[in-house]
Amino acid sequence: MTDTHLPGGPGPGGDTPGGSSPRSIILDCDPGHDDAFAIMLAHGSPGIDLKAITTVAGNQTLEKVTRNARAVATICGITGVPIAAGAAAPLVRPLRVAADIHGASGMDGPVLPAPTVPLDPRHGVDVIIETVRSQPAGSITLVPTGPLTNIALAARLAPDIVGRVREVVLMGGGYGGGNVTAAAEFNILADPEAAHIVFGSPWPVTMVGLDVTHQALATPDIASRIADLGTAPAAFAVDLLEFFGRMYSATQGFAAPPVHDPCAVALVADPAVVTLRPAHVEIERTGTHTTGMTVTDFAGRGAVALDHRVGVGLNRDLFWDMMIAAIAAISAC
Ligand code: PIR
Ligand code: CA
């Protein structure tokens with residue numbers, strides 16, 4: 001089978017990057033250094049209309065990641081976008097955080113301002129449900145960049161939204177191995193039962209996993225292009241990369257940090273960024289050594305339907321051009 005760029009999912013569309021019809025998304029995140037980049041891309045990209053930010057416990061506790069989301073919004077002048085806190089723990093398992101890579105705050109490195117943007121008083125899962133119900137059917141894309149707890153809860157609490165969501169484009173998993181265990185990536189391992197619900201629900205699911213995001217390395221040339229923008233959001237982004245890079249070097253031996261989460265946002269904004277292949281993905285939930293693995297079948301063995309799409313390649317230059325243009329656009333606000 002040859003790799004293909006598949007069209008951007010069902011529903012009303014024909015959107016072109018930078019065209020007149022940006023894609024409406026809800027960003028469900030656990031900031032997190034790379035989640036902060038996802039927020040910046042979602043806000044600054046002309047291809048995205050950011051309808052809400054919801055948070056989920058993951059990289060750090062719910063309280064910390066929610067404060068971090070509001071701090072990013074404050075730095076980037078994101079006003080008028082609801083920010084709501086969702087689930088404080090996975091569906092079944094105890095909370096596991098990633099302090100080794102994101103620090104005690106969940107976003108160590110930059111000095112974080114006291115948030116000036118309000119916290120929406122609703123539960124994040126209610127914000128997801130209410131936003132999907134209030135927008136035209138087939139218009140909202142869910143972009144989860146943390147554990148899938150909120151998305152699974154929304155599907156269970158309001159099954160009517162499953163058919164109204166245009167697609168779910170998530171950062172998580174990978175077919176070539178994990179980053180917490182040999183088999184499992186953090187977001188899936190943190191809440192595999194939620195991932196099972198999300199991949200098993202009848203909405204289109206696209207997995208942007210480590211196979212793609214480990215190509216999104218913020219090398220020194222990228223950091224200096226961002227620094228050259230000379231604005232407060234750009235300086236914030238550089239500080240994030242500096243800490244994230246040090247942790248990735250110390251804990252995983254990377255020469256430059258992989259900026260995972262904006263890859264999913266970038267794919268929604270412009271399908272040319274990520275090469276996709278049809279596949280079927282099952283979530284391992286009972287493995288001795290493989291819990292949290294995204295078992296990916298590109299060939300339909302056992303006559304499974306190739307009902308998911310899986311990222312297999314990144315157009316790195318396009319990705320960073322989009323990311324840097326978005327940070328520049330934010331700075332202009
Ligand atoms: C990144 C993450 C968690 C643990 C490590 N070691 C690295 C977070 C990122 O925010 C991203 O969403 C995903 N989980 C990558 O595994
Ligand atoms: Ca994340």
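Tutor: In this predicted model, the largest pocket holds about 310 Å³ of space. Its lining is made up of 23 residues, and those closest to the centre of the pocket are Ala98, Ile101, Asn179, Val180 and Phe186. By type, the lining divides into 8 nonpolar, 8 polar and 7 charged residues. Helices H1, H3, H6 and H10 each supply at least two residues of this lining. The most comes from H10, which gives 4 residues.

The largest pocket is where ligand 1 sits. Two or more residues of the shell around ligand 1 come from each of these elements: helix H1 (33-44), helix H3 (99-102), helix H6 (186-190) and helix H10 (232-252). There are 16 residues around the ligand, and Asp34, Asn179, Glu185, Asn187 and Asp261 come nearest. The shell consists of 5 nonpolar, 7 polar and 4 charged residues.

Some side chains can be paired with particular ligand atoms. For Asn179, an N or O atom of the side chain is 2.8 Å from an oxygen atom of ligand 1. For Asn59, the distance from a side-chain N or O atom to an oxygen atom of the ligand is 3.1 Å. Gln252 has a polar side-chain atom 3.4 Å from a nitrogen atom of ligand 1. As for cover, ligand 1 has 370 Å² of accessible area on its own, and the protein covers 98% of that area.

Notes
Residues are numbered from 1 along each chain as its sequence is written. Chains are lettered from A and ligands numbered from 1 in the order in which they are written. This is a predicted model: local features need pLDDT of at least 70, side-chain atom pairs count only at pLDDT 80 or more; totals for chains, interfaces and linings use all residues. Side-chain values use heavy atoms; hydrogens and water are left out. A residue is near a molecule or strand if one of its heavy atoms lies within 4 Å of it. A polar contact is a pair of N or O atoms within 3.5 Å; within protein, one must be able to donate a hydrogen and the other to accept it, and residues adjacent in sequence count only if both atoms are side-chain atoms. Accessible areas come from the Shrake-Rupley method with a 1.4 Å probe; for residues, only the protein chains shown count as cover. On a 1 Å grid over the protein atoms alone, a cavity is a set of points where a 1.4 Å probe fits but cannot get out, and a pocket is an open set with protein on both sides within 12 Å along at least five of seven lines; lining residues have an atom within 4 Å of a point. A molecule sits in a cavity or pocket if more than half of its atoms lie within 2 Å of its grid points. Ala, Val, Leu, Ile, Met, Phe, Trp, Tyr, Cys and Pro count as nonpolar, Asp, Glu, Lys and Arg as charged, and the others, Gly among them, as polar. Grid points are joined across faces, edges and corners, and a volume is the space filled by probe spheres set on the points.
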